[in-house]
Amino acid sequence: MASAEEVARQAQRKDIRDRWFLSAPALLVIFFAATGPLLIVLVYSFLTPGAYGDVKWQFSPEAWVSVFLERDIFDDTLSLAAAHVTIFWRSIKLAIVTTIATLALGFPTAYFMATRSEKTRDLWLFLITIPFWTNLLIRTFAVLQIIRNEGLINTVLIKLGIISSPIQILFTDTAILIGMAYVYLPLMVLPIYASMEKLDFRLVEAGYDLYASRFQVLRRIIFPLVRPGVIAGSILVFIPAIGAYVSPSLLGGGKNMMLSNLIELQFGQGRNWPLGSALSIAVMIIVMVALLAYVRNASRSEVRHG
Amino acid sequence: MPDQPGKNAIEVRGVRKVFGTGEAQVAALDTVSVSIRENEFFTLLGPSGCGKTTLLRLIAGFDFPSAGEILLHGQDIAPLPPFKRPVNTVFQSYALFPHMTVAENIGFGLEMLGKPKAEIKARVAEMLKLVKMEALSGRRTSQISGGQQQRVALARALAPQPKVLLLDEPLSALDYKLRKEMQIELKRLQNETGITFIFVTHDQEEALTMSDRIAVMSSGKIRQVGSPWDIYDKPAERFVADFIGETNFLTAAISGVSNGRAHATLKSGATIDATVAEGFQPRDNATVVVRPEHAKLTKGKGDLSGTVENIVYFGTDTHIHVRLDSGEVFTVRQQNTRSAGCGYEKGEKVGVLIGNDAAQVLRD
């Protein structure tokens with residue numbers, strides 16, 4: 001008969017086997033749906049563009065060179081691709097501003113929700129998730145309807161006699177920011193709310209008791225304790241914001257090219273799939289480096305504070 | 001004892017606190033007035049829901065009274081937010097900041113008061129020494145035991161040198177031995193710092209051993225204020241007598257009330273001497289209380305007579321339950337000796353002797 005130890009060891013082995021078995025579908029999906037295509041993109045970025053799109057199976061580093069550099073068509077000298085740099089910077093700036101805007105709006109919202117009674121909290125949570133029920137495109141068109149010259153805002157302001165002619169909001173950077181903030185706000189609110197809900201509000205009372213003003217309680221007690229939620233929310237907003245396509249195209253009128261437009265162009269009219277692939281990977285690397293720096297910095301300051 | 005307003009650390013005047021509105025309105029505090037003297041270890045004692053924590057929160061400033069005044073050294077503090085009151089709280093849950101070290105927790109109040117860094121450092125070191133936590137100053141508060149957290153919470157609240165320290169059932173989360181230790185520790189801290197302590201508890205033993213004075217509360221009202229001795233030996237109301245310690249309740253006719261003393265004629269026909277609670281209104285069936293340790297059993301004839309129903313051994317003493325001839329149960333507590341049993345047996349006919357200074361007539 002097997003000893004008790006052996007039975008325990010066998011049970012453990014079976015447990016590990018079961019875990020692999022149960023997670024296999026998820027692992028397969030992750031590999032084929034995420035890692036697989038990514039590998040294809042990586043391989044394409046090192047190939048030669050075909051005449052009518054597609055790629056020729058011939059190695060070439062040219063795509064990577066032209067991500068940030070420009071080859072002069074006459075003398076083959078390389079110079080900085082100012083247009084690409086501008087577009088990269090514009091997209092990154094928009095993502096940063098969107099993150100800050102959603103944080104500024106989302107933090108008080110999450111605080112408000114977390115301080116409601118348990119029953120009403122669920123209602124607020126439900127209301128926050130309502131926008132997810134509708135397609136992104138339709139939501140963006142709804143924003144467009146509100147801010148366009150004959151839209152809700154301008155009509156009301158004119159009727160009230162506050163302005164005489166409509167304010168041009170649509171097709172400006174402000175319009176893009178409004179659309180982005182609206183679309184990404186729930187992604188900021190939900191993680192902060194999740195942290196805030198776990199916050200022991202007796203600590204807030206203890207802060208007040210120890211002579212901390214409202215602002216000091218927010219800065220020294222509430223904020224450090226919900227920092228994980230703020231970090232998660234910022235990541236969830238920043239990553240999709242950097243590749244945002246719908247809002248800049250529809251609300252910005254496509255006047256200023258964004259990273260997503262640039263990449264789309266390479267796969268469409270540009271007929272330069274390798275460059276499109278290289279740009280995509282470059283964006284990914286930038287996002288990853290930025291996030292690593294952000295998370296490390298955020299967790300380091302937590303250690304310093306505590 | 002007359003209260004001198006100038007000497008009072010805290011004066012609560014006609015304070016009401018009502019929660020909810022309309023039909024669901026609940027008066028957590030029903031017109032409470034009490035004076036707490038400077039340098040006093042004052043305890044608010046009562047069962048949960050009696051309003052003791054509500055009163056503490058009003059003094060701390062976490063809630064605001066619906067009516068009435070709260071004076072701190074003669075100044076009305078009721079409208080001030082908590083961060084403008086020179087009063088600190090030790091919370092039941094300790095509420096230590098988990099993202100700060102022990103030392104940072106203790107220094108937080110001083111930092112918020114804008115004290116210079118050197119002063120904060122010196123004061124934190126002093127506090128760490130006071131609560132014997134020097135070795136753990138750099139630890140996170142999640143890395144120390146419950147008793148240690150308790151000490152940090154105390155040090156944190158004492159560091160800014162408050163005029164009054166509020167303690168909300170601070171010992172309830174500790175195990176028995178640690179609680180005993182902390183009771184002595186708290187008394188020592190109060191003596192050393194000279195700060196007025198207002199201590200909330202539902203544990204009558206804790207209240208009796210630690211307090212200079214106790215206010216017994218129930219359903220939003222203060223029932224009696226007095227020294228532990230007053231509260232235990234001269235309870236004014238049935239609630240107080242019942243809540244604190246064990247008591248025998250007897251019915252008696254009262255006569256000859258003078259100078260706080262009277263004669264009580266028990267149902268058995270015997271007449272005993274008794275002290276009378278303040279505000280007693282003469283009436284036929286008054287309640288007389290006798291503590292179990294203030295009565296004695298006798299084989300002969302006593303003030304009451306009955307049959308031994310049960311004998312319970314407690315180590316230090318023995319409780320003997322006597323079924324009186326009138327039908328009630330009367331408990332007598334008898335100190336144990338090593339050599340012999342209690343001297344009585346179940347079913348034995350006995351008499352109960354009530355001494356001259358053993359009985360108190362309640363006002364209700």
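**Exercise 1.** Which residues does B:Val361 touch, not counting residues up to four places away in sequence?

*Solution.* The model examined here is predicted. Start from B:Val361 and leave out residues up to four places away in sequence. The contacts of B:Val361 are then B:Ile254, B:Ala262, B:Ala264, B:Ala274, B:Val276, B:Ala277, B:Phe280, B:Ala286 and B:Val288.

**Exercise 2.** Determine the strand order of the four-stranded open sheet in chain B, and explain why β2 and β5 each have one side without a neighbour.

*Solution.* The order is β2-β1-β4-β5, with antiparallel pairing. β2 (26-37) and β5 (75-76) of chain B are the edge strands; each has a single partner, so one side of each lacks a neighbour in the sheet. Turning to β1 (residues 8-19) and β4 (residues 67-72) of chain B, five bridges join this antiparallel pair. Within the pair, B:Ile10 lies opposite B:Leu72 of β4(B).

**Exercise 3.** Describe the side of chain B that touches chain A by residue number, elements and class.

*Solution.* First, count: 20 residues of chain B contact 16 residues of chain A. Second, assign elements: β6 (87-90) and α2 (102-112) of chain B each supply at least two residues, and α2(B) gives the largest share, three residues. Third, classify: this side of chain B has 13 nonpolar, six polar and one charged residues.

Terms used
Residues are numbered from 1 along each chain as its sequence is written. Chains are lettered from A and ligands numbered from 1 in the order in which they are written. This is a predicted model: local features need pLDDT of at least 70, side-chain atom pairs count only at pLDDT 80 or more; totals for chains, interfaces and linings use all residues. Two residues are in contact if their C-beta atoms, placed from the backbone, lie within 7 Å. Two strands pair if DSSP finds at least two bridges between them. Ala, Val, Leu, Ile, Met, Phe, Trp, Tyr, Cys and Pro count as nonpolar, Asp, Glu, Lys and Arg as charged, and the others, Gly among them, as polar.
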